[in-house]
Amino acid sequence: MMSYHPRTPARHRSRSDVSKTPLTPSLLLSGLNNVSISSPTKTGGNKSSKYSVADITNPFISRSRPVSPVKRTTSGAIPVSEALQRQASSGVIRKGGVESKLDVVSRDYVPPPKQEAKRSRSTPAMRDSRDRFITNREVTEVAATLDLMSLNPTSTSPGHTARLVAATGVPLNKRVLAYHEAPPAASDTTLAQQREIARPLYARPGTLQSSSGAVTNRSRKIATQPERVLDAPGMVDDFYLNLLSWSVLNVVAVALSENTYIWKADTGAVVQMGEAPEGTYVSSVDFSNDGGFLGVGVGTGEVELWDVETGQKLRSMGGHQAQVAALSWHGHILSSACGDGSIWHHDVRVARHKVMELLGHSGEVCGLKWRADGELLASGGNDNVVNVWDGRVGDVIEGSRGVARWTKRNHTAAVKALAWCPWQPSLLASGGGTNDSTVHMWNTTTGGRLHSLKTPSQVTSVQWSPHKKEFLTTHGYPTNAIMVHAYPSLDRVAEIRDAHDSRVLFSCVSPTGDMVCTGAGDENLKFWRIWEIPPAKKKKESQEGRGLTGSGILSLR
């Protein structure tokens, strides 16, 4: 019996199979067409099997259908012999010495199962970490892409490039979007001033407001109430004056109208140092570096020199034509700032006291500070100018005039607040009035501005902490506040709002650097503990027996 082998479907055959046997199926079928189907009854000893038409076991052969005539071979057909049939059933046909092989498929093709990579339960699945919207390409790839995007005139038509340039107005090979300088500021600053005035009315983020009106940082707490309050009747409410000073001997000097008083913090004793001429007032006070002498400026232009221990006036030095709003000492040189814009150096040892005159302001000079080493002198005036002068005045003939080393015009209001940093001598802080309300930090070696801090109100004074990298500012209306800032970050460490009932005009730091005394138009002196004394310095002072303000402030009377 001849077995039938179905053909392999075309979608499962490989290309090699098709190329090897493209004609074999047609040769086999043409030969098999000449095979007649007969009864399944076997004949005598014939090895070949023939089947009759009326096969009962075959359901596909109808009994009533006549037998189909046997197809005759055509002239182009291959005669089918018994040997050829055996060869066809085995899958190999030999003809003319050439062998052709048929691939006989006995079952359908079943693809092998996909083997997934096994992983432990603790091993997470590999996921694509790239972002759909943020590119994750290398810098070189991005640069290459940008180069391809740039306009290349060599690879484009010159005429088309020229038309694009003319139509867009963009020069060849220039970015369409580029960084430029900021637009000029608005000429009308009324709206900006109104915003600055209204800013203190709103709460500041990151601060905690207490019931006493004090605002402190979470990481730093200071006393929001003064440790002592002294009455100061007759204190003049004038921004341009300097009426408070604290000496290294722990003595506080304050000018109240036409009188000058000293208050000894160790004993609480109050001594009157004299009285200004009738019809005038005391406009400034300042202690000498050793605390033994007190300079007093008068509204008529005189500068008085007083002995603190004896309470006697040593001399009076005239020459100014207007009030002396600021004084500053260095050694035996007492510098005075006048309302006419001039600054004089007085040598208190000699009869002809005026040894130099500094002219660099067109308005009243209301701020004056010597650096501790005497190398530089800073001055600020009502002309919104900060000048830094050379401090060398030795062996200078009478009438000599100095020229400012640096002149800064960044402030937009009068500059009264000046302070030299004790732990960085080249650092100078200056603060402006109401229309400015800004603190600038200057490098007096290079003349450059290092930092700027905008505040909510006029800056009346600046004080540096000798132990910490912080500085204190006092302010006028509308906050009347005391603020402590970190340096160089300029972060606000603490704030005491409404420290006085009036604007805080004057301030000075104790010799130990922990206490700050403030004076205001509400005729009060208040002592605030702002900083702490380092343990090493506190121990040294206790051994020396100098009870300045570390614990002595509690015994003030």
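Cys517 counts as buried, at 0% relative accessibility; buried means under 20% relative accessible area, exposed over 50%, and partly exposed in between, with a 1.4 Å probe and protein chains only. Cys508 is buried as well, with a relative accessible area of 7%. The model is predicted: local features need pLDDT of at least 70, side-chain atom pairs count only at pLDDT 80 or more, and totals for chains, interfaces and linings use all residues. Residues are numbered from 1 along each chain as its sequence is written, and side-chain values use heavy atoms, with hydrogens and water left out.

A disulfide is a covalent bond between the sulfur atoms of two cysteines. Here a disulfide is taken as a pair of cysteine sulfur atoms within 2.5 Å, and the structure holds zero of them. The closest cysteine sulfur to that of Cys508 belongs to Cys517, 4.6 Å away, which is too far for a bond.

The strands come next; a strand is a DSSP run of E with at least two residues, numbered from the N terminus. Two strands pair if DSSP finds at least two bridges between them. Antiparallel β31 and β32 are joined by five bridges, and Val504 stands opposite Ala520 in β32.

A nonpolar core is a set of buried Ala, Val, Leu, Ile, Met, Phe, Trp, Tyr and Cys residues joined through side-chain atoms within 4.5 Å. The largest has 33 residues, and Leu525 and Phe527 are among those with the most contacts inside it. Strands that each supply at least two residues of this core include β31 (504–509), β32 (515–520) and β33 (524–529). The most comes from β7, with six residues. Beyond its neighbours within four places in sequence, Leu525 has contacts (heavy atoms within 4.5 Å) that include Met235, Leu244, Val254 and Cys517.

Another open sheet of four strands has the order β18-β19-β20-β22, with antiparallel pairing. At its edges stand β18 (365–370) and β22 (404–408), each with a single partner strand. Five bridges link β18 to β19 (residues 376–381), and Leu377 in β19 is the bridge partner of Trp370.
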